[in-house]
Amino acid sequence: MGKILIVDDTLFMRTLLKNILFSGGHTIAGEAGDGEEGIAKYKELKPDLVTMDIVMPKLNGIEALKAIKEFDPAARIVMCTAVGQEQMVKLAIKSGAKGYIIKPFQAPKVLEEVKNVLAS
Amino acid sequence: MSEFEAYRGLFVAESRENHENLVKNLLLLELGSYQDAIDEIFRSIHTLKGASASMGFANMEHLCHSMEDVFQLIRSGTAEISPELVNLLLACSDLIEQMLDDVEAGGDSSSKNPAEQVNALKEWIEQRGGTIKAKTEVPVIPTEAQPPEEPARDIRTENCVEYGMQITVASECIMKDVRAMLALGNLKSVGTILSMNPTMEAIDEGKFDGRLELVIASDAGEEALKTAASGTEITEVVISPVKKPDVVTANEVPGSLKKTETDKKQSQAPDKTREIKNLRVDIHQLDHIMNLVEDLVINRGRLKQIAEQHKIKEMDEAIGMVDRSVSELQNLMMIIRMIPLNQIFNRLPRVVRDVAQYDGKDVDFFIEGGETELDRSVMDGLNDPLLHLIRNAVNHGIESPDSREKAGKPRKGYVKLSAHRDRDNVIIELIDDGAGINVDKVKAKGIERGLISAEVAETFTTEQAIDLLFQPGFSTADKISDISGRGVGLDVVKRSIEALKGTIRVETNPGKGSRFELLLPPTMAIVDVMIVRINDKRFGIPISSIVEVANFKRDETHQIGKGEAILLRDEVLQILWLNEMVGVSKSCEILIVVQYQKRKCCIPVDVVEGKQEVVVKPLSGFIGNTRGVSGVTILGDGGVVPVIDVNTIV
């Protein structure tokens, strides 16, 4: 069970994800609506894990991931992705992402990935 | 689906924002603003797609997906932006909006078939000879930025053992190659990969069937390597040493030590809970709160009276405190109900574009002051009239590029919509640099329509002629177009604005353009009324329509036909007895002169009690429309008082 920061530009996705994570017994450290806010919230909240959307305003998920990794190389970041974004996810993994979940989210898959990444 | 019911409202609200952003940026794209617009478009369509997929709205997802394909070609520079393409994409956006309407009404977008639009999009792609290159993403991120590799573990070669590993990724995994990369990434943190099949490059290119073989040198031990390679959707990890180690020490997995350290740090960190700065509230709930606040205002008044009657000092003081809170609450509610005009302004560039294109006109459209706020109830009634005025400005106001050139004007027309707050009012102004209103044509039409006689028309001033435009059934358009004269005339616009307690004014300069000015109250909920008494019954008359309060001398009235009139300041004013409502009063001593547009008349009353700010509640449905009464208000003493609707009785 971990403290999780959700970074996504839509309240809809954040809510969806939040409820899935709640159902898995995790706590939500916070939410951020864009990459910049995501970085700031990470520094402020020091969550155990971050779910990071890729396409976002201001600063996209990959750039935010890099910044967070620079601040804390041990950061556990799971990318939220969609079919068709393979290249982006690969880029994210090369930059230090620890996992990925695919939209539309399936609760068991999300929870499994979060559990595995938290255990790593 | 049912598990997603809870998200429906949120889905619709956010998708509407994305839809609006999509349309806005499509228009910018057409105007030539490229990079930012396409990025925004991508983000919006991507979000729409993801959200609809999450909700299981297959039709909507399908449509968004097809649109995304086209946007990819645009972004990669393979496709040119043409008006036809923008038309097609806007038509698709319209369908998305219809789907959202459907979803909002409880549907799942399946009633809207996107096949036609999807085929048109496909056809367009094929015409470009473009195949949607198997999802070749155009990277948003510059690729040269090589990510810092995870710091490779310092390997003390003397302790290292070489292992052969076989990793199998689940067959149902959607991104097998990505899973393999994750496993490799984790392995790299505990050892050095000496060889692998397929190669890293092949995996990067997506050439991966789910089975990975590699040789790794590590001092971490078999278990640690197995753990590192395992993970979500990894079905099997087989490991066996290739070379016997000199010394085997089952070290701890380095990661696990680190974890306990960070855990400690976290538990020391103050647990700051997230601050929620905004939240969405259902508008009906807000209306309900507003009603409750109004009830509170009324009951506060009753309490005050009781305290006065019984002369209870402590209660009086307590009510004074309640009074302040209630007033503040009331003010706050007013502020909460205010929304920026951008809510409707943002939709208008699209309207201008469509009308201009339909009419073969070229128009620059500007918006200013969209942040000006209005009460939601005013906003609701403003949408249609504004839409109509904008269509009118482009359709009837702006000339064709050729005639503009002939008249020595730039080929491109200019339309500006602006809004600002002016003391107690919000002023919305619509300016165009078109042909202006042709007064002679208006007069001729007025005669033709039988609204005025030829003789009267002769004597008409420009202002009077313009007034004709607002008469029911008047339209100067030569033919009813698809765009503006949809049977709705300026008379409807005027009535709608007046229903909002606003006014509309027109100025025109032949050959130079027109200016429409809407003057609106920022809120309708609270009205300043004069409380009067006739036959011991009380009425409210809106202060905004009162022009004068005068003494009433019964012997100065004159019988004209069936009605009665009085001469006041050299003006003959009709007397409007409210006998029907209150019965005959013999003691009327005061005349309230009211005005609607240019018509004045006077209402005799017994007593004027004073001025008061009141909350006017509309009459409920079963009473129906009552001519002369716009609603009722409840005064502090609990008395229900009708408020007179001057517009309908003058």
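Two strands count as paired if DSSP finds at least two bridges between them, and strands themselves (E, at least two residues), like helices (H or I, at least four), are DSSP runs numbered from the N terminus. In these terms, B:Ile193 has B:Ile216, in S3(B), as its bridge partner. The structure is a predicted model, in which local features need pLDDT of at least 70 and side-chain atom pairs count only at pLDDT 80 or more, while totals for chains, interfaces and linings use all residues. Residues are numbered from 1 along each chain as its sequence is written, and chains are lettered from A and ligands numbered from 1 in the order in which they are written.

**The two chains**

- Chain A holds 5 helices and 5 strands, and from the N terminus on its elements follow the order β-α-β-α-β-α-β-α-β-α.
- Chain B has 21 helices and 22 strands, and 30% of its 650 residues count as buried.
- Where two residues are in contact if their C-beta atoms, placed from the backbone, lie within 7 Å, 68% of the contacts in chain B between residues at least 6 apart in sequence join residues at least 24 apart.

**Where chain A meets chain B**

- On chain A, 43 residues are in contact with 38 residues of chain B.
- The largest share of this side of chain A, 8 residues, is given by H4(A); the elements giving two or more residues include helix H1 (11–23), helix H4 (86–94) and helix H5 (107–119) of chain A.
- The side of chain A that touches chain B divides into 19 nonpolar residues (Ala, Val, Leu, Ile, Met, Phe, Trp, Tyr, Cys and Pro), 12 charged (Asp, Glu, Lys and Arg) and 12 polar (the others, Gly among them).

**A sheet in chain B**

- An open sheet of 4 strands in chain B has the order S2-S3-S1-S4 with antiparallel pairing, and its edge strands, each pairing on one side only, are S2 (192–197) and S4 (234–241) of chain B.
- Neighbouring strands of this sheet are turned by 20° against each other on average, direction ignored, with axes being lines fitted to C-alpha atoms.
- S2(B) and strand S3 (residues 211–218) of chain B run antiparallel and are joined by 5 bridges.
- Helix H6 (residues 176–188) of chain B packs on the sheet and touches S1, S2, S3 and S4 of chain B, its direction making about 155° with that of S1(B), where angles run from 0 to 180 degrees between N-to-C directions and helix axes are fitted over the stretch in contact.
- Helix H8 (residues 222–229) of chain B lies across S1, S3 and S4 of chain B, at about 155° to S4(B).

Note on methods. A residue is buried if 20 or more other C-beta atoms lie within 10 Å of its own, exposed if 12 or fewer, and partly exposed in between; C-beta atoms are placed from the backbone.
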